[in-house]
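Okay, everyone, thanks for coming.

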Amino acid sequence: MQVEKSKERIILGIDPGTKVMGYGLVKENGQKLELLSLGVVKMEHLDDHMLKLQRIFEKTVNLIDNYHPDCLAIEAPFYGKNIQVMLKLGRAQGVAMAAALSRNVEITEYSPRKIKQSITGNGNASKEQVAAMLQNLLKFNETPDFLDATDGLAVAVCHSFQKISTKSGAKKSYTGWESFVKDNVKRVASPAVIAKKVV
């Protein structure tokens, strides 16, 4: 049987981008959240897309090595009309995820709408509204130069809020099909039952 970890955990949140990557780190202790760090990685000065991806990877690994987060929460690329922009964002996200995987850090992905909804109660909230809510929640006064920093922080806080709601019996996440089946034996039909239904 797995021993449950202490209530304290560190969450790294990342808002991936190829011009600016935003990040935020929070320490969660039960219901209490504490801001550890937030900032941006600027890449506008880099012309080569591959160099940008390298910078994202290296910075993410540095953040993991410095803060030892228990998990990474990352914003999923939004669906836009520009395929090239989506492709670049997807690569940026993938490289940040690869950095976390290289350090065996658990990853959870959230849609931009889900993040805004969990922070402000409105899935269509502006970046400014998200930033203001985070300042109020985590009691910091400095206004980051880039709203990408608070976007990264928002992903981390969103992830923390999911854990809090899970504690009250909402949804549970699984590491794979086997762990789902183990916890839901009565909900999973056997192959014989499925065959009868098909016939």
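Predicted model: local features only at pLDDT ≥ 70, side-chain atom pairs only at ≥ 80, totals over all residues.

A definition to begin with: helices here are DSSP runs of H or I with at least four residues, strands are runs of E with at least two, and both are numbered from the N terminus. Residues are numbered from 1 along each chain as its sequence is written, and side-chain values use heavy atoms, with hydrogens and water left out.

Let's take helix 3, residues 112–120. P112, I115 and I119 are buried there, and buried means under 20% relative accessible area, with exposed being over 50% and partly exposed in between, using a 1.4 Å probe and protein chains only. Looking down the axis of helix 3, those buried residues fall within an arc of 65°, so they line one face. The arc, by the way, is that of the directions from the helix axis to the C-beta atoms.

Helix 4, residues 127–138, has 12 residues and spans 16 Å from first C-alpha to last, close to the 16 Å expected at 1.5 Å a residue. That expectation is 1.5 Å times one less than the number of residues. Which residues of helix 4 are buried? V130, A131, L134 and L138. They cover an arc of only 100° around the axis, which puts them on the same side of helix 4.

Now for some backbone angles. Most residues other than glycine have a negative phi. K139 sits in the loop between helix 4 and helix 5 (147–167) and is exposed, at 67% relative accessible area. N104 also has a positive phi, near 55°. You'll find N104 in the loop between helix 2 and strand 5 (106–110), exposed at 74%.

Last up, a helix pair. The axes of helix 1 (residues 49–67) and helix 2 (residues 83–102) come within 8 Å and cross at roughly 35°. Those axes are lines fitted to C-alpha atoms, for helices over the stretch in contact, with angles running from 0 to 180 degrees between N-to-C directions. Contact means heavy atoms within 4.5 Å. Among the residues making this contact are L53, I56 and F57 of helix 1 and R91, A92 and V95 of helix 2.
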